[in-house]
Amino acid sequence: MRLIFAGRRMALKQISSNKCFGGLQKVFEHDSIELKCKMKFAVYLPPKAESGKCPALYWLSGLTCTEQNFITKSGFHQAAAEHGLVIIAPDTSPRGCNIKGEDDSWDFGTGAGFYVNATEEPWKTNYRMYSYVTEELPQLINANFPVDPQRMSIFGHSMGGHGALICALKNPGKYKSVSAFAPICNPVLSVWGKKAFNGYLGADQSKWQAYDATCLVKSYSGSQIDILIDQGKDDEFLINGQLLPDNFIAACTEKKIPVVFRLQEGYDHGYYFIATFVADHIRHHAKYLNA
């Protein structure tokens, strides 16, 4: 599979393909222009993709994850097949860039790209996940798979929930809908966010606000956007102040941006929680994507 991308010839290498609920779960590898390394992404093609173009729903995973976590643990395939959605799940960071310190901690560097475009050395050359997710990957998908470029939505979990929210808020009209599981809602005030933003974006905290959903909502003036968030009540990261959804909800309320926030009794931060409610999220997106 080959395509012309940004004036250069790019190859997509298929890593795997498995039939699932009448469709195909595939994984591909390609050389990323934006990240300057090989990247993998997963694509689920529902049965409807055999006969025509389908909407595209992008999933962003959380800390330490690869393209594999969502496709193997969440059980999303049946709902995606029923609603005719192509689901794309990229990796969470560049891999194998040989940057000093990239593998030193689980919440920074490898597996922890935070969906920002880094501005600091030595990260700024490769750690450009924001542009990868919002520009390079959709262009790659649109050129190679039976998707309708005008019908695109985004969702994610934890660090990826943060990613989904900022991608939607920074690009009014680009995504038809957005949802998140246990997102990091106000990273400028959380330990994870402070560590990542200081490393990738530098010490000037005013620059951090461009990648913080709560800050972005306060200045949002784009088209109407309908947000769904599920949060486990027994999530240790909610309890220890990493996620801060109340700050985001307050900002949305002030700006009259509709957000459905569901605090789910007894659920934690993991994939059993996601698997329980993922069909609800796919229905949420299908409502807008199939309208």
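How much accessible surface does the protein chain have, and what share of it belongs to carbon and sulfur atoms? I looked it up: about 11900 Å², with 49% on carbon and sulfur atoms. Accessible areas come from the Shrake-Rupley method with a 1.4 Å probe, and for residues only the protein chains shown count as cover.

I note that this is a predicted model, where local features need pLDDT of at least 70, side-chain atom pairs count only at pLDDT 80 or more, and totals for chains, interfaces and linings use all residues. Residues are numbered from 1 along each chain as its sequence is written, and side-chain values use heavy atoms, without hydrogens and water.

Next, burial. I find 58% of the 291 residues in the protein chain buried (under 20% relative accessible area; exposed is over 50%, partly exposed in between; 1.4 Å probe, protein chains only).

Then I turned to the rings. The structure holds 23 aromatic pairs (Phe, Tyr and Trp rings, the six-membered one for Trp, with centres within 6.5 Å; planes under 30 degrees apart are stacked, over 60 edge-to-face, the rest tilted). W106 and W192 are edge-to-face, because their planes stand at 90°, with ring centres 5.9 Å apart. This pair links distant parts of the chain, 86 residues apart: W106 sits in the loop between β6 and α3, W192 in helix α5. W106 is partly exposed at 46% relative accessible area, while W192 is buried at 3%.

W192 also pairs with F237, tilted at 45°, 4.7 Å centre to centre. F237 is buried, at 17%.

Last entry: ring pairs also link a cluster, including Y44, W59 and F70.

Terms used: Helices (H or I, at least four residues) and strands (E, at least two) are DSSP runs, numbered from the N terminus.
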